[in-house]
Amino acid sequence: MNELQKLFDRIAQRVNINLRELEFDVTPYIKGLVSFEKMVKFYAFYGVTPHHPLNFVFRHSNLSGSYFLGRCRTANSILYKSDIRGDELKKQGAMVHYKGFDIPVSKDEAIEIEDSFLVKTLVHNYSHDPETLELFFITNTISTHYANIHGSPTDGSFLGPFATVDLTTMNDCVIGAFSYIQAGEVNHLKIDPGTVWVRVPGVFNFLYRYPREALFPYISFEAGKAPCGVLMDFVENRKKDFQLLFDVVNLPSSIRVPQTTSLDRFAVVKPKTHIDENVLVAQRAYLENSWLGKGANAQENCYIINSRLEGNDITAHGAKIIEADLGNTVFVGFNSFLHGRPESRITIGKECIIMPHTIMDSDEPLNLPPGHLAWGLIKNPADLEKNSIRIADLAKVENKLSRGDLHFEGSGGTFVKAFQERIHHILEANGAFFDGQKDRGHAQKNQKISFNTIQPYPEGDLQGMYPTILIQP
């Protein structure tokens with residue numbers, strides 16, 4: 001296992017060099033985070049479909065339990081049970097429209113991960129940076145439990161647990177636990193835990209920070225300690241439910257799956273669950289006693305329990321919905337935690353937007369009326385009143401809005417339009433609007449995936465390392 005230790009040390013050193021200006025040492029945060037013994041036990045796997053042909057390169061890496069789809073390159077990296085999803089990679093000849101420019105894609109885009117350590121991290125490649133259209137890169141970066149790197153080329157950075165960087169090019173930054181950053185291009189920043197920051201420079205700026213003492217029970221991550229809190233406990237308590245999926249080669253579906261729907265082989269589906277047409281259920285999603293109406297989706301690391309989603313509802317990466325009822329076309333953002341209870345359910349009206357990294361956790365019923373946007377920490381109806389706004393009213397804001405710990409500047413109308421257009425794009429890309437002939441998306445293209453596995457060296461100095469593999473058309 002000497003080579004695996006050398007690789008771990010190499011990655012830590014490279015990230016520390018990048019973060020030297022912030023005087024941040026990653027070593028005490030990642031030492032012992034995952035035991036090397038576990039990295040020897042798991043196989044990695046990659047999906048193959050007619051839409052995602054074999055095209056993988058793995059060099060000098062550990063890939064334990066990780067999932068790959070699309071054109072992926074990994075070198076000098078440790079990926080532990082991470083999902084690397086390349087089903088929206090751009091093709092040669094495609095045209096990208098960006099601020100008045102029409103930019104041709106000169107070759108097929110690839111995901112390239114190098115000198116990085118990703119722990120249970122989701123990477124989704126809906127990339128946006130016009131300067132790197134053919135390459136979605138993650139280099140010299142460490143990302144910890146259940147973080148999301150979504151459309152965000154990243155170099156020299158550290159992400160705490162349940163952090164998300166979204167459509168953001170990030171260089172030499174530290175992103176605290178449970179922070180969500182969608183801010184264009186950011187450099188040499190240290191972001192406090194529980195920061196929700198959505199910005200288009202010169203257009204709008206949405207900024208919310210959780211009070212540290214209020215966030216602490218939900219997620220805490222300190223040097224020398226494993227991440228802990230309600231969010232970690234919630235996921236860890238359901239870990240055994242996923243074990244059977246990886247122990248058995250062929251596992252038939254326990255529920256009826258419509259022909260226009262995709263239920264991933266590596267999703268947990270418990271009894272009394274219904275999924276309708278044009279539904280996408282991604283790998284590592286968890287469904288129990290729930291109803292997913294037509295066009296709804298449950299993305300990676302999502303949990304939907306004792307809940308009803310009427311249709312065209314988006315449960316973004318890592319979101320959790322428990323004891324809740326959602327009207328049509330509700331967006332529940334990344335890593336949000338909607339925790340109702342049997343006697344105090346959460347009701348979300350149609351066409352609402354739950355901002356990424358929102359926590360709704362109450363012992364009494366919560367009811368968000370249709371057409372509202374909600375954010376932050378909501379534990380009772382008074383919090384809901386303070387931390388929500390009619391989307392139509394937000395669209396009228398032309399200067400500033402302050403409400404509790406939220407500070408907004410700029411054009412509310414542009415902010416709302418951007419969110420609504422993105423919701424439409426997600427539904428379209430996932431195949432929610434498929435009519436049997438046109439508007440085919442992930443729910444239709446991902447129906448038939450064959451999975452291939454690769455395993456590490458079982459002993460010797462290379463124990464835990466995966467052999468160099470080049471699979472190309």
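Q: Are F58 and F68 buried or exposed?
A: Here buried means under 20% relative accessible area, exposed over 50%, and partly exposed in between (1.4 Å probe, protein chains only). This is a predicted model, where local features need pLDDT of at least 70, side-chain atom pairs count only at pLDDT 80 or more, and totals for chains, interfaces and linings use all residues. Residues are numbered from 1 along each chain as its sequence is written, and side-chain values use heavy atoms, with hydrogens and water left out. By that cut-off, F58 and F68 are both buried.

Q: How many aromatic pairs does a search of the whole structure find?
A: Rings of Phe, Tyr and Trp (its six-membered ring) pair if their centres lie within 6.5 Å; planes under 30 degrees apart count as stacked, over 60 as edge-to-face and the rest as tilted. One of the pairs is F56 with F58, stacked at 5.9 Å centre to centre and 15° between the planes. Searching the whole structure gives a total of 32.

Q: What kind of aromatic pair do F58 and F68 form?
A: The ring centres of F58 and F68 are 4.8 Å apart, with 55° between the planes. F58 lies in strand β2 (residues 56-59) and F68 in strand β3 (residues 67-69), so the pair ties together parts that are 10 residues apart in sequence. Strands (E, at least two residues) and helices (H or I, at least four) are DSSP runs, numbered from the N terminus. The pair counts as tilted.

Q: Which ring has the charged end of R308 sitting over it?
A: A charge sits over a ring if NZ of Lys or CZ of Arg is within 6 Å of the ring centre and within 35 degrees of the ring normal. R308 is in strand β33 (residues 308-309) and is partly exposed, at 32% relative accessible area. Its charged end is 4.3 Å from the centre of the ring of W291.

Q: What is the nearest side chain of opposite charge to R265?
A: Lys and Arg count as positive and Asp and Glu as negative, while His and the chain ends are not counted. R265 lies in the loop between β25 (262-263) and β26 (268-269), and a polar atom of the R265 side chain is 2.9 Å from the backbone oxygen of L245. R265 is buried yet has no salt bridge; 7.0 Å away is the nearest opposite charge, D264.

Q: Which cysteine has the sulfur closest to that of C352?
A: A disulfide is a pair of cysteine sulfur atoms within 2.5 Å, and a search of the whole structure finds zero. C352 is buried at 1% relative accessibility. The closest cysteine sulfur is 18 Å away, too far for a bond, and belongs to C302.

Key
Salt bridge = Lys/Arg side-chain N within 4 Å of Asp/Glu carboxyl O. Polar contact = N/O pair within 3.5 Å; in protein donor to acceptor, adjacent residues only side chain to side chain.
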